[in-house]
Amino acid sequence: MTDQLDPVASDDTAARPRWYVVQCKGGESFRAGEHLTNQGYRVFHPVLEVQKKRRNKLVWIAEPLFPHYLFIHLDRVASNWRPIRSTRGVLKLVGFGDEPLPVPDALIETLAARAHLDEASRTSGNAYFRPGEIVEITEGPFQALQAVFDTQQGDERAIVLLNMLHHQQRLELPVGHLRRST
């Protein structure tokens, strides 16, 4: 019957390790991932690096791409599945009835490649605003005005082009005083 649900499933593919989804308790996906890794499981927990304002400074914070979920690589025969449910932060393996459902390997490969690209763009400079992007100034004497993002100067300063008196004026502002224009 599983052959009808999963056309790729066969005796050959059932024996190889597959990726499965673990549902975590609220806000505990990082804890669950850490504990599963410490137990020797291969875990993939895609995160999204976002800039948030903390104490008037912009900081990068890792947030789960899928809140409350992570992926685990298991072999149907060789892996010990029993400790997973009792691991701190884990709620259950996602499945249909009592049968955990595998996730296509291509999905995990795509997510991993995308996470690698996001990390590369973040470490290569500014990943929050792109040159030429319209931004809104949120604080200071130019509050509520729109400008064109030009470049970032260091970690906390940005150069924007503000149209004043029919000329574009270059202004240097804290990055925290800018947001994407809606």
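Predicted model: local features only at pLDDT ≥ 70, side-chain atom pairs only at ≥ 80, totals over all residues.
Local features need pLDDT of at least 70 and side-chain atom pairs count only at pLDDT 80 or more, while totals for chains, interfaces and linings use all residues. Residues are numbered from 1 along each chain as its sequence is written, and side-chain values use heavy atoms, with hydrogens and water left out.

View 1. Helices are DSSP runs of H or I with at least four residues, strands are runs of E with at least two, and both are numbered from the N terminus. Ser-29 counts as buried because its relative accessibility is 3% (buried is under 20% relative accessible area, exposed over 50%, partly exposed in between; 1.4 Å probe, protein chains only). Beyond its neighbours within four places in sequence, Ser-29 is in contact (heavy atoms within 4.5 Å) with Cys-24, His-45, Pro-64 and Leu-70.

**View 2. Arg-157 in strand 12 (residues 157–164).** With a relative accessible area of 32%, Arg-157 is partly exposed. Neighbours within four places aside, Arg-157 is in contact with Gln-152, Glu-172, Leu-173, Pro-174 and Val-175. The C-alpha atoms of Arg-157 and His-177 lie 9.4 Å apart, with the two residues 20 apart along the chain.

**View 3. An open sheet of five strands in the order 13-12-11-10-14, with antiparallel pairing.** Strand 13 (167–174) and strand 14 (178–180) are the edge strands, each pairing on one side only; pairing requires at least two DSSP bridges between two strands. Strand 10 (residues 134–137) and strand 11 (residues 146–153) run antiparallel and are joined by three bridges. Val-148 in strand 11 is the bridge partner of Ile-134.
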